[in-house]
Amino acid sequence: MTCIIGVTDGKKVTIIGDSAGTSGSETLLRKDPKVFRKGEFVLGGSYSFSMIQIINHCWEPPSIDNMDIMRYMVSIFVPSIIETFDRCGYENDDQSGCNLMVGIRGRLFSILGDYQVQETFDGFEALGSGTSYARGV
């Protein structure tokens, strides 16, 4: 079971996650992280270790400058992720392979399977099969 949890107070973003990789009935504790930093971003991913590894090792965050953050996320951030997936051969045909949490400048976003950008009012987000448990707590 994967659970990536993010919370923000509007100034600081904290994202935490487990280290388990599951396949059928087998669970392994993996060394490669599901949560990591890239520049001023903190990111956490679920569903696909391939996706997480590509973002961690192949993707470079485009400059945000003083742009509106939601506009940046939709018009620059997401297209840069898609371009990196294409370049590295990662396919998201079933629209379930991009479950990414992103913290930037006190804001917390989730990029979901169809690449929509989600930001909640309560500053809390959870991804992965443990989402309902995290939200229940």
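## A walk from the pocket to the core

By class, the residues lining the largest pocket are six nonpolar, nine polar and three charged; here Ala, Val, Leu, Ile, Met, Phe, Trp, Tyr, Cys and Pro count as nonpolar, Asp, Glu, Lys and Arg as charged, and the others, Gly among them, as polar. The model is a predicted one, where local features need pLDDT of at least 70 and side-chain atom pairs count only at pLDDT 80 or more, while totals for chains, interfaces and linings use all residues. Residues are numbered from 1 along each chain as its sequence is written, and side-chain values use heavy atoms, with hydrogens and water left out.

Let us stay with the pocket for a moment. On a 1 Å grid over the protein atoms alone, a pocket is an open set of points where a 1.4 Å probe fits, with protein on both sides within 12 Å along at least five of seven lines, and lining residues have an atom within 4 Å of a point. The largest pocket holds about 230 Å³ of space. Thr 2, Gly 21, Thr 22, Tyr 47 and Phe 49 lie nearest its centre, out of 18 lining residues. Strand 3 (20-23), strand 4 (26-29) and helix 1 each give two or more residues to this lining, and strand 3 gives the most, with four. Helices (H or I, at least four residues) and strands (E, at least two) are DSSP runs, numbered from the N terminus.

Helix 1 also leads us inward. Its buried residues (under 20% relative accessible area, 1.4 Å probe, protein chains only) are Phe 49, Met 51, Ile 52, Ile 54, Ile 55 and Asn 56. They pack against strand 3, strand 5 (35-38), strand 6, helix 2 and strand 7.

Our last stop is Glu 125, which sits in strand 10 (residues 124-127). Glu 125 is buried, with a relative accessible area of 5%. Its side chain joins that of Arg 135 in a polar contact of 2.9 Å; such a contact is a pair of N or O atoms within 3.5 Å, and within protein one must be able to donate a hydrogen and the other to accept it, while residues adjacent in sequence count only if both atoms are side-chain atoms.

Notes. Buried < 20%, exposed > 50% of the residue type's maximum accessible area, 1.4 Å probe, protein only. Points joined across faces, edges and corners; volume = space filled by probe spheres on them. Contact = heavy atoms within 4.5 Å.
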